[in-house]
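Take a look at the protein shown here. The paragraphs below walk through its fold step by step.

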Amino acid sequence: MFVHNDSFDGRAGICKSRRITVRKILVTALTVLFVAVDAFSIIPLRGPLALDRSHPGVVTADEHSLNLEAVDTTGTALYTFRIVNVYPHDPEAFTQGLVFHRGYLYEGTGLYGASTLRKIELKTGKIRKMNRLPEEFFGEGITICRNRLIQLTWLSCTGFVYDPQSFRLLGTFTYPTEGWGITCDGNHLIMSDGTSILRFLDPQNFTLVRQIDVRDRGKQIIHINELEYVRGEIYANVWDTGYVVRISPKTGEVSGWIDLRGLYRYLGRGRKFDILNGIAYDVRGDRLFVTGKYWPKLFEIKLQRVH
Ligand SMILES: [Ca+2]
């Protein structure tokens, strides 16, 4: 059974004033979600994309209000990328969570009144299954851990637990912080809350096991966002930057920065898109996928060491 886990550290105050409201909302939410899982549809998007390497768009910070600033990576490993494949991605998706599981992508999207959970065909971008969250929930990170699909919400202190095959709602749990990103290392859930702290939770009862503080050469790295566990490391989008950080799960130390700002120029000119957000890893195929909010494309990339 799921527990109401409001006590994993001193930041518990964020939820307490909302608890009664949250319970009321949950009753409504559970009803709506059970209806929603039966109402999924297959929504065709577009076919596979070919990457036009000869005419990448020119993107300026002014044009898209994106933060294109470089991070000082002196003294820490720096990587850039090579594009291996390009796939379609719903340009209306405000991406908050991304997972690859048994041949399909799973995506969680955000915003009040527009938050969803999706199962997607990688090559075509077709949405095979979709839940809409009740409008009072702002969807955040997702992960699949021990055959349960978990979706966080931003300020509601509530996580949803689904069957990954049917999207049937199995239960909910609470946490005393904001909900940003979540991933799974096989043994624990790993959750971010927008600070530099990553919390390791028991995947059965959602109690806190331990936590780490993400630091690069002693400096706290805040705004740790969407997460992915990749071959013994935690990869994390750093909010409002074009970078992903590689983090030691044992110490929280940053072992490298991945500069993905160069992906923006492949998204097309004159098109609305928002920040880089969304990392998924195919363990069997050793494939790393990244995308962003309102991005029309999802990229399979390989890392290239710069220094
Ligand atoms: Ca992820």
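What follows moves from the whole chain to single residues.

This is a predicted model: local features need pLDDT of at least 70, side-chain atom pairs count only at pLDDT 80 or more, and totals for chains, interfaces and linings use all residues. Residues are numbered from 1 along each chain as its sequence is written.

Start with confidence. pLDDT is the predictor's confidence in each residue, from 0 to 100. The protein averages 86, and 79% of its residues score at least 70. Residues 1-7 stay under 50. So do residues 9-13. Two residues are in contact if their C-beta atoms, placed from the backbone, lie within 7 Å. Beyond four places in sequence, the model has 20 contacts for residues 1-7 and 5 for residues 9-13.

Now the overall make-up. The protein has 3 helices and 22 strands. Helices (H or I, at least four residues) and strands (E, at least two) are DSSP runs, numbered from the N terminus. Among contacts with a separation of 6 or more, 58% come from residues 24 or more positions apart. Of the 307 residues, 42% count as buried. A residue is buried if 20 or more other C-beta atoms lie within 10 Å of its own, exposed if 12 or fewer, and partly exposed in between; C-beta atoms are placed from the backbone.

Two strands pair if DSSP finds at least two bridges between them. Within this sheet, β18 (residues 243-247) and β19 (residues 254-259) pair in the antiparallel sense over 5 bridges. Y243 has D259 in β19 as its bridge partner.

Next comes a run of hairpins. Strand β7 (residues 148-153) joins β8 through 4 bridges, and the two run antiparallel. Here L149 stands opposite Y162 in β8. The β7 and β8 hairpin has 4 residues between the strands, and C157 takes a positive phi near 55 degrees. On to the next partner: β8 and β9 (residues 169-174) pair in the antiparallel sense over 5 bridges. Y162 has L169 as its bridge partner in β9. The hairpin of β8 and β9 has 6 residues between the strands, and F167 in the turn has a positive phi of about 65 degrees. Strand β8 (residues 158-162) is mostly covered, with 4 of its 5 residues buried.

What about the interior? The largest nonpolar core has 65 residues. Such a core is a set of buried Ala, Val, Leu, Ile, Met, Phe, Trp, Tyr and Cys residues joined through C-beta atoms within 7 Å. I190, A236 and V245 have the most contacts inside the core. Not counting residues up to four places away in sequence, I190 touches several residues, including I182, L198, F200 and Y229.

The loops hold contrasts. F273 sits in the loop between β19 and β20. F273 is buried because 20 other C-beta atoms lie within 10 Å. The C-alpha atoms of F273 and S65 are separated by 9.6 Å, though the residues are 208 apart along the chain.

Most residues other than glycine have a negative phi. N147 is not a glycine, yet its phi is positive, about 60 degrees. N147 lies in the loop between β6 (139-145) and β7. N147 counts as exposed because it has 9 C-beta neighbours inside 10 Å. R231 also has a positive phi, near 45 degrees. R231 is found in the loop between β16 and β17 (233-238). With 9 C-beta neighbours inside 10 Å, R231 counts as exposed.
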